[in-house]
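Have the viewer open and follow the topics in turn.

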Amino acid sequence: MSNTSLHIALVGNPNSGKSSLFNGLTGLNQKVGNFPGVTVDKKTGTATLEPGFTANIIDLPGTYSLYPRRADEWVSYKVLMHVDEHVKPDMVVLVADASNLKRNLLFCSQMIDLKIPVVVALTMVDLAARKGISIDLEELERELGVPVVSINPRKNKGLPQLKKVLLQIARQQHKPSSRDFIGIKALAENAVHAVQKIFPALPDYAAVHYLINHESFPLTAEVHDKIEKIEAVNNFNSTRLQAEEILQRYGRIRQIMQQSVVEDDPLQRKLFTEKLDNLLLHRTWGYVILLSVLFLLFQSIFWLAEYPMNAIEWIFASVSGWLSGAITSGWWSDLIINGIIAGLSGILVFIPQIMILFGLVTILEDTGYMARISFLSDKLMRKVGLNGKSVMPMISGFACAVPAIMSTRNIENRKERLLTILVTPLMSCSARLPVYTILISLVIPNHYFLGFLSLQGLVMMGLYILGVVMALVVSYVFKWIIKIQEKSFFILELPTYHAPRWKNVGVTMIEKARIFVRDAGKVIMVISLLLWFLSSYGPSNQMNNLNARYEKLRQQPNTDKVTLEKEYRSEKLENSYAGVMGRAIEPAIAPLGYDWKIGIALVTSIAAREVFVGTMATLYSVGEDNEDTSLRQKMQLAARPNGTKVYTLATGISLMVFYVLAMQCMSTLAVVKRETKTWKWPIIQLVYMTFLAYVMAWLAYIIAS
């Protein structure tokens, strides 16, 4: 087998350490997309097994057995059954949690009976030891009939041994186990034999799954009919067979556990995880701690990002000032300084906050606390028509609504899934963070209570909480409008607590910053350059009259040329295409406290919220002559024709509330349409969020005034 054709699938139960192993094997050589035809994450990467020999690693969604229920479990199932046209694994690495071995071995036993080359990667052996569990790896390997390797991907332990075993299998030095884990054929012998006449190479256990799920496999109508007849002739009962199969598997697993595992009396031990959960999941203190964690999260975004952001602003202001004096005046110099440089500054200045936010969220996920947030939230969620499973997509919405909405496929209940889709965009995504940051720095004093509680951090946290509260209110209203009756259940496995993997945190921070620069950056730069053109040029009659009038003024004696030039730039911007557009929509937004420049930003940020900052950077660069000052300084100095400040406390709060609630993301609307398979719900979403944003921003402006 050549090094370019080896495909290895990673499978395992949720929270078994599969993602850690994937990161350990592939490092930064990863790609994330979707499996063809479904909105389920497809993570692939390359791993070097030895110098000159690489393999493709496919991280399949977590699943407990070969009996799928959710969309992501169906993805794993079809790949393992070799009926997926796009993913064909040559071997499987089954990641098993040593501290919960009995449950993990169920899936392992099914893999063995599929006759796929399998390697068991045993994780959390140290945790098992703390629980008083001792595993004889050699005995376990003999009993299972497949290689077993102990690993700790968080500390890069066991990975060389795992790679060595994978190479041996690739070179056919290890073959799939010839013995069945259980005598599956005896449960439906005639039916299995009949299916194998159609597919001679099919193992017994795979034939059973063709009998159960052939409707979901890409087979011809003729083959489907043949299998249906086999089921009818043999009186095949899939439910009875599954029940008998699971009983037999667990019976055999108990025998293996007796031979290879020594376990202390669980009543004599109480894990650190259990003791910690008594506090973190307490009916009172659990919620206090949750709010404290969120508060520290948003405080840290300001504490840690302040200095790198100031440094980036200073660099761009210095570069703009130097370029304005170093290159000759002309349209192309104006394009470079007020278009490209201003657009880049609007992107790069927020990278520190993006990285810090995602780094801290990754720490919460890595430690196992994020799952506790779902558990704590279930009771509240049910009151508004959701359940605890809605929490994870909503929390993911703090990063980006698009993958968050796609992840709602884990919610089996149709009504709860639809409600989650409708309210998830109200979560303050990372695209809103640059808007919040610049507005908070403009209108909220950098004041500290008790020496460490930042007022700006408190306001930032308040904006995120506002989004959550409004999402719950909207869900409660829609609960009575959407008439879908369906029972739901919330079953959640709480992972054990772990120290965060700092390498994984660093990789995530770098990857998210790269995605922000690549995806958001492209949009911001295009909009910035378009705005530069619209702000620099206008209707020919207006521009010609303006230029002629100021040319006469420049020739008059005793003219203050600095003041005159400032007035010229201001009037030129107002008479440009952007100025005409802004003046046209100003009456509609004046009740919210906005001027025409803010109106232009509202229009341009319909495509993506983060464009607001790039728009401001371009407008204030074109309209001002002080290139060596930062955007925040320019916005602080912005004044209306009557001399009053544009960015007052009332205007700033109104704008923040508007951006919390408005649907300003075309990608989100597109993915909602794809998930709901109709334009009805995206249109409803756009209308209710726009109306809610306008009314709440108007109320905020009235109250703050």
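In this predicted model, Arg-249 lies over the face of Tyr-205, at 4.6 Å from the ring centre. Arg-252 has its charged end over the ring of Phe-181, 4.9 Å from the centre of that ring.

**Aromatic rings**
- Eight aromatic pairs are found in the structure.
- One of them joins Tyr-210 and Phe-217 edge-to-face, with 5.0 Å centre to centre and 70 degrees between the planes.
- Tyr-210 counts as buried because its relative accessibility is 7%, and Phe-217 counts as buried at 3%.
- Phe-658 and Tyr-659 also pair edge-to-face, at 6.0 Å centre to centre and 70 degrees between the planes.
- A single aromatic cluster is formed by Trp-74, Tyr-77, Phe-199, Tyr-210 and Phe-217.

**Helix 28**
- Helix 28 runs over residues 649–661 and reaches 19 Å from its first C-alpha to its last, close to the expected 18 Å.
- Eleven of its 13 residues are buried, so helix 28 is mostly covered.
- Among the buried residues are Gly-652, Met-656, Phe-658 and Tyr-659.

**Helix 5**
- Glu-139, Leu-140 and Leu-144 are the buried residues in helix 5, which spans residues 137–144.
- These residues lie on the same side of helix 5 because they cover an arc of only 125 degrees around the axis.
- Their cover includes helix 3, strand 6, strand 7, strand 8 and helix 10.
- At the start of helix 5, a side-chain oxygen of Asp-136 comes within 3.3 Å of the backbone nitrogen of Glu-138.
- Gly-145 follows helix 5 and has a positive phi, near 80 degrees.

Conventions: Residues are numbered from 1 along each chain as its sequence is written. Side-chain values use heavy atoms; hydrogens and water are left out. Buried means under 20% relative accessible area, exposed over 50%, partly exposed in between (1.4 Å probe, protein chains only). Helices (H or I, at least four residues) and strands (E, at least two) are DSSP runs, numbered from the N terminus. The arc is that of the directions from the helix axis to the C-beta atoms. Contact means heavy atoms within 4.5 Å. A polar contact is a pair of N or O atoms within 3.5 Å; within protein, one must be able to donate a hydrogen and the other to accept it, and residues adjacent in sequence count only if both atoms are side-chain atoms. The expected span of a helix is 1.5 Å times one less than its number of residues. Rings of Phe, Tyr and Trp (its six-membered ring) pair if their centres lie within 6.5 Å; planes under 30 degrees apart count as stacked, over 60 as edge-to-face and the rest as tilted. A charge sits over a ring if NZ of Lys or CZ of Arg is within 6 Å of the ring centre and within 35 degrees of the ring normal.
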